[in-house]
Amino acid sequence: MTDGLFRDDDLIRVITREGVLIAAGGVASLLQTAHPKVAQGVYDHSYTAENPLRRLQNTMGWLYAVQFGTRDEAERFSALVRKGHEQITGPDYEANDPELQVWVAATLFAVSAQFYQALFRRSFSDAEFEEYYRQTKVYATILGCPEERLPATYADFRVYYAEMVRSLRITDASRAIAEQVLSPKTPAGPLGAPGLAMVRLITAGMMPAPIREQYGWTWNAGRERRFRLLMGALATVYPRLPLRVRTMPREYYLMTTRRTLAKLAGQRNPVLTVKTERGGTAAGGTETAA
């Protein structure tokens with residue numbers, strides 16, 4: 001595809017085409033809501049508890065539209081997200097606050113880079129880190145964040161990220177969201193238990209220790225061993241799957257995104273909404289989460 005924001009050989013496409021990255025979505029999501037302002041916004045406005053699959057669809061749909069869609073699709077979907085985020089405000093937060101946009105983009109970059117390297121048993125060079133970081137700035141800038149608000153280089157990013165991990169103090173809202181993310185209501189019911197257990201182990205294993213400790217998750221030698229065995233098994237099996245299988249989530253979410261954009265194209269003031277179990281509606285797209 002040549003009419004998108006990126007080329008097929010750009011690292012952002014090489015890395016994010018891998019559908020298994022969704023398994024690390026809990027890490028990025030709960031790193032984001034370790035920030036008290038992000039947590040309160042999600043807690044007050046999110047429909048995660050009522051419809052976790054719909055939220056995942058909106059989140060992944062936006063990410064894939066930005067990464068792999070046409071420029072028009074990326075910009076149109078992002079405009080809808082910005083419009084939805086205008087409604088996500090409270091006494092001490094605004095979803096469109098550049099401070100929060102920078103943190104969300106930072107978690108998407110950090111988690112995807114960490115997980116990809118572990119799965120494919122490779123280490124990025126400094127030049128590759130710089131390239132990938134520069135490309136992932138789009139997660140913030142396409143939502144209206146001024147580029148100068150982001151750390152300028154990968155070296156600057158490392159300083160920023162380390163300070164954020166060190167200084168963040170999670171709240172009760174953060175803990176409530178963690179419960180929703182790690183123990184969601186899904187149609188699979190008990191059949192989904194093994195998959196959720198795997199996601200919980202990946203989430204705890206990849207979470208920076210200072211944040212993991214604040215969430216109160218048990219982490220000991222036994223869990224560390226199980227985490228390493230799981231990651232080793234994934235690294236042995238997953239890269240050997242055909243690429244068309246590994247990219248199936250991308251194809252599915254891009255298809256649903258394009259259908260949504262087509263439906264909204266004729267509306268005068270389109271906005272993404274989803275009905276909740278309480279009978280109301282929630283506006284927005286990704287809720288600043290992965």
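Colleague: Let's start with Tyr238: does it count as buried or exposed?
Modeller: Keep in mind that this is a predicted model. Buried means under 20% relative accessible area. Tyr238 has a relative accessibility of 8%, so it counts as buried.

Colleague: How is the ring pair of Phe120 and Tyr238 classed?
Modeller: A pair of aromatic rings is described by the distance of the centres and the angle of the planes. For Phe120 and Tyr238 the centres are 6.2 Å apart and the planes stand at 80°. An angle over 60 degrees is what counts here, so the pair of Phe120 and Tyr238 is edge-to-face.

Colleague: How many residues apart in sequence are the parts that this pair ties together?
Modeller: Phe120 sits in helix H6, while Tyr238 is in the loop between helix H13 (221-237) and helix H14 (243-246). Phe120 itself is partly exposed, at 21% relative accessible area. The pair therefore ties together parts whose separation in sequence is 118 residues.

Colleague: What about the rings of Tyr64 and Phe68, how is that pair classed?
Modeller: The structure holds 20 aromatic pairs. In the one formed by Tyr64 and Phe68, the ring centres are 6.2 Å apart and the planes are at 45°, so the pair is tilted.

Colleague: Which helix holds both Tyr64 and Phe68?
Modeller: Both residues are buried. They are four residues apart, about one turn of the helix. An α-helix has 3.6 residues a turn, so residues three or four places apart point the same way. The helix that holds Tyr64 and Phe68 is H4, residues 52-68.

Colleague: Let's move to H9. What span does it reach from its first C-alpha to its last?
Modeller: Helix H9 covers residues 154-167, which is 14 residues. At 1.5 Å a residue, 20 Å is expected. H9 comes close to that, reaching 20 Å.

Colleague: How wide an arc do the buried residues of H9 cover around the axis?
Modeller: The buried residues of H9 are Tyr154, Phe157, Tyr160, Tyr161, Met164 and Val165. They are on the same side of H9, because the arc they cover around the axis is only 130°.

Colleague: Which exposed residues sit on the face of H9 turned away from that buried side?
Modeller: The buried side has cover that includes helix H2 (25-32), helix H6 (98-120), helix H7 (126-136) and helix H12 (209-215). The face turned away from it carries exposed residues instead: Arg158, Val159 and Arg166.

Colleague: Zoom in on Phe157. How far is its C-alpha from that of Ala106?
Modeller: Phe157 is found in helix H9, and at 5% relative accessibility it counts as buried. Leaving aside neighbours within four places in sequence, Phe157 is in contact with Ala106, Phe109, Ala110, Tyr133 and Pro151. Phe157 and Ala106 are 51 residues apart along the chain, yet the distance between their C-alpha atoms is 8.0 Å.

Colleague: How about H3, within what arc do its buried residues fall?
Modeller: In helix H3 (residues 36-45), Val38, Ala39, Gly41 and Val42 are buried. They line one face of the helix, because seen down the axis they fall within an arc of 165°.

Colleague: What do those buried residues of H3 pack against?
Modeller: One partner is a strand, S2 (93-94). The partners of the buried residues of H3, with that strand among them, are H2, S2, H6 and helix H10 (172-182).

Colleague: What is the phi of Arg121?
Modeller: Arg121 is placed in the loop between H6 and H7, and at 58% relative accessibility it counts as exposed. Most residues other than glycine have a negative phi, and most peptide bonds are trans. Arg121 is not a glycine, although its phi is positive, at about 50°.

Colleague: Last one: what percentage of the protein's residues are buried?
Modeller: The protein has 15 helices and four strands. Out of its 290 residues, the buried share is 53%.

Conventions
Residues numbered from 1 in each chain as written. Predicted model: local features only at pLDDT ≥ 70, side-chain atom pairs only at ≥ 80, totals over all residues. Heavy atoms only, no water. Helix = DSSP H or I, 4+ residues; strand = E, 2+ residues; numbered from the N terminus. Buried < 20%, exposed > 50% of the residue type's maximum accessible area, 1.4 Å probe, protein only. Expected span 1.5 Å × (residues − 1). Arc of directions from axis to C-beta. Contact = heavy atoms within 4.5 Å. Phe/Tyr/Trp six-rings, centres within 6.5 Å; stacked < 30°, edge-to-face > 60°.
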